[in-house]
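Biologist: I am new to this structure. Could we go through some side-chain features and how to read them?

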Amino acid sequence: MTTHRIALIPGDGIGAEVLPCAQQVLDVLGRRHGFSLAYTSYEDWSCKRYLREGSMMPADGIDQLRDKDAILLGAVGYPGVPDHVSLWGLLIPIRRSFRQYVNLRPIRVFDGIDSPVRGARAGDVDFVVVRENVEGEYSEVGGRLNRGFADEMAVQEAVFTRAGVTRVLDYAFELATRRGGRLTSATKSNGIVHTMPFWDQLVTERATCFPQVTWDQEHIDALAAKVVLDPGRFDVVVASNLFGDILSDLAAAVAGSIGIAPAANLNPEREFPSMFEPVHGSAPDIAGQGIANPLGAIWSAAMMLDHLGHPAAANDVTDAIAEVLAKTDVRTRDLGGGATTSEFTDTLLGLL
């Protein structure tokens, strides 16, 4: 029996509430499909630790994760710790140390969830946002000057490398060949005169290697509008770090709730562990109430199983998600219902 070593990082807020739900689902699937999961929990890696000790994780945290097959993360961020401190103290170091340069976010309207967008119907909206995940606009190049004076300034440099852009484009084009054969590139080359024309140039170059994929490009402002007005037109959308971050959250809202949205931070070469996480964040306003939607974490766990080589088990999860939404009225509060986190999870496990 194959055993996978999984790091569990509950993190902050509702992360500690939804991660056990995902773990329950994983254990059921392991028994069904003949694999096992050996968990190591890092419950202390959080904003509470930062407030107590001045760091989100130990100095050797990355080394502690290095031998794992995958990482399942709950959420990062909590009041009292600035977001840039919590993210750059835990999430971003993991992404960059393990070269998780692809952020993958599937967007799907399920039967049984009413999208806030008129015309966004189940079966019509099913696409993936491929976001460059380690460079671009979220570089570490820059600084502050003349702090506290009238001429204080801040400089933040975007960094786009040929290697970094090419590898994420190749991943997106290859994904499109396995899906509907269509790719849309997000750009803003009419206003950002260096990095975005460079991005467009590389898209054009790489497209020649994938003649079976039909592709186009859209300026990010127009693309955001089209995701709302006609989300069914998209198959694979590839975008820079900032554009992909914003666009994928917008698309998750179009799908009905950011509470169901999963994400994968992938090292496609599998030289390092990849990390999987729900998109919803720590949601401190509902933390501790037992009403968080566990679907984002459960769907993220399914993406992890697919990455680990268990596509049938992953499909079992997405099928169960679709069934619980289509055939029952069990809903958490963000989906218009009154079910608790555990009640929703129990219903899904029963169908699974």
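**Reading surface and rings**

Modeller: This is a predicted model. Met153 counts as partly exposed, because its relative accessibility is 38%, and partly exposed lies between under 20% for buried and over 50% for exposed. Met153 belongs to strand S7, residues 153-156.

Biologist: How is a pair of aromatic rings described?

Modeller: The distance of the centres and the angle of the planes describe it. Searching the whole structure gives 6 aromatic pairs. One of them is edge-to-face: Phe110 and Trp299, 5.4 Å centre to centre with 70° between the planes.

Biologist: Where do Phe110 and Trp299 lie in the chain?

Modeller: Phe110 is in the loop between strand S4 (102-108) and strand S5 (126-132), while Trp299 is in helix H9 (residues 295-307). They are 189 residues apart, so the pair links distant parts of the chain. Phe110 is buried at 2% relative accessible area, and Trp299 is buried at 8%.

Modeller: Phe160 and Trp199 also form an edge-to-face pair, with 6.3 Å between centres and 85° between the planes. Here the loop between S7 and helix H5 (162-178) holds Phe160, and helix H6 (residues 195-207) holds Trp199, 39 residues apart.

Biologist: Are Phe160 and Trp199 buried or exposed?

Modeller: Both are buried.

Biologist: What sits over the ring of Tyr101?

Modeller: The charged end of Arg167 does, 4.2 Å from the ring centre.

Note on methods: Residues are numbered from 1 along each chain as its sequence is written. This is a predicted model: local features need pLDDT of at least 70, side-chain atom pairs count only at pLDDT 80 or more; totals for chains, interfaces and linings use all residues. Side-chain values use heavy atoms; hydrogens and water are left out. Helices (H or I, at least four residues) and strands (E, at least two) are DSSP runs, numbered from the N terminus. Buried means under 20% relative accessible area, exposed over 50%, partly exposed in between (1.4 Å probe, protein chains only). Rings of Phe, Tyr and Trp (its six-membered ring) pair if their centres lie within 6.5 Å; planes under 30 degrees apart count as stacked, over 60 as edge-to-face and the rest as tilted. A charge sits over a ring if NZ of Lys or CZ of Arg is within 6 Å of the ring centre and within 35 degrees of the ring normal.
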